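Subject: A structure for you to explore

Hello,

Here is the structure I promised to pass on to you. Have a look at it first, and then read on for what turned up in it.

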Amino acid sequence: MAFDDVNVAAERPTMPALMKGWRRRCPKCGNGPLLSGYLKVRDTCPVCREELFHHRADDGPAYLTILIVAHLMAPVMHIAFVRLRPEPLILFTILAVGCVGLSLYLLPRLKGMIVGFQWARYMHGFSRV
């Protein structure tokens, strides 16, 4: 068996790992919780004992959250301003609550997806063994 055959056999599917990360579950087993707090990734999965401390999510989830929230809320703001013409304070309040709520919802899920992607691609110390 050649070295390349071993690597092909050990490939981890990316999409299931991303979906498990979105659900904030361990990318390997899908049962154990990935996060121990709002954004703190556990060192190991309590169910399958997969090491998770290798991740390097850093600022990726924050950048993706800003990108998604801005692209969703900008058209909403434009449509509301053009069609409804609400008072500025009302428009600000609704958009501020929407942006904060959407950001708080997306941030841990996007972090889980980034950790799942790194696990599936053997990045940053997630070994093939």
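Before we start, a word on "contact": two residues are in contact when heavy atoms of theirs lie within 4.5 Å. A residue is called buried when its relative accessible area is under 20%. Please also keep in mind that this is a predicted model.

**Helix α2 and its cover**

Let's begin with helix α2, which spans residues 14–22. Which of its residues are buried? They are Thr-14, Ala-17, Leu-18, Lys-20 and Gly-21. Viewed down the axis of α2, these buried residues fall within an arc of 165°, so they line one face of the helix. Part of what covers them is α4, residues 88–120. Ala-17 gives you a close-up: leaving out residues up to four places away in sequence, Ala-17 touches Pro-27, Gly-116, Trp-119 and Ala-120. Just after α2, Arg-24 has a positive phi of about 60°.

**The cores**

Ala-17 also belongs to the largest nonpolar core, which has eleven residues. Among the others are Cys-26, Leu-34, Val-41, Leu-52, Trp-119 and Phe-126. Helix α4 gives the largest share of this core, three residues. Apart from this core lies another, of seven residues, including Val-69, Ala-80, Leu-91 and Leu-110. As background, nonpolar side chains tend to be buried together in soluble globular proteins.

Is Gln-118 buried or exposed? Its relative accessible area is 5%, so Gln-118 is buried. This residue sits in helix α4. Neighbours within four places in sequence aside, Gln-118 is in contact with His-55, Arg-56, Ala-57, Met-123, His-124 and Phe-126.

With a relative accessible area of 15%, Ile-114 is buried. Not counting residues up to four places away in sequence, Ile-114 touches Ala-57, Gly-60, Pro-61 and Leu-64.

Leu-72 is in helix α3, residues 60–84. At 46% relative accessibility, Leu-72 counts as partly exposed. The C-alpha atoms of Leu-72 and Ile-114 are separated by 21 Å, and the two residues are 42 residues apart along the chain.

How many salt bridges does the structure hold? There is one, and in it the side chains of Glu-50 and Lys-28 meet at 3.5 Å, N to O. Glu-50 and Lys-28 both lie in the loop between α2 and α3, so the pair ties together parts that are 22 residues apart in sequence. Glu-50 is buried, with a relative accessible area of 13%, whereas Lys-28 is partly exposed at 43%.

Gly-32 is in the loop between α2 and α3 as well. At 0% relative accessibility, Gly-32 counts as buried. Setting aside neighbours within four places in sequence, Gly-32 is in contact with Arg-24, Arg-25, Cys-26, Cys-45 and Val-47.

Enjoy exploring, and write back with any questions.

Best wishes

Definitions and conventions:
Residues numbered from 1 in each chain as written. Predicted model: local features only at pLDDT ≥ 70, side-chain atom pairs only at ≥ 80, totals over all residues. Heavy atoms only, no water. Helix = DSSP H or I, 4+ residues; strand = E, 2+ residues; numbered from the N terminus. Buried < 20%, exposed > 50% of the residue type's maximum accessible area, 1.4 Å probe, protein only. Arc of directions from axis to C-beta. Core = buried A, V, L, I, M, F, W, Y, C linked by side-chain atoms within 4.5 Å. Salt bridge = Lys/Arg side-chain N within 4 Å of Asp/Glu carboxyl O.
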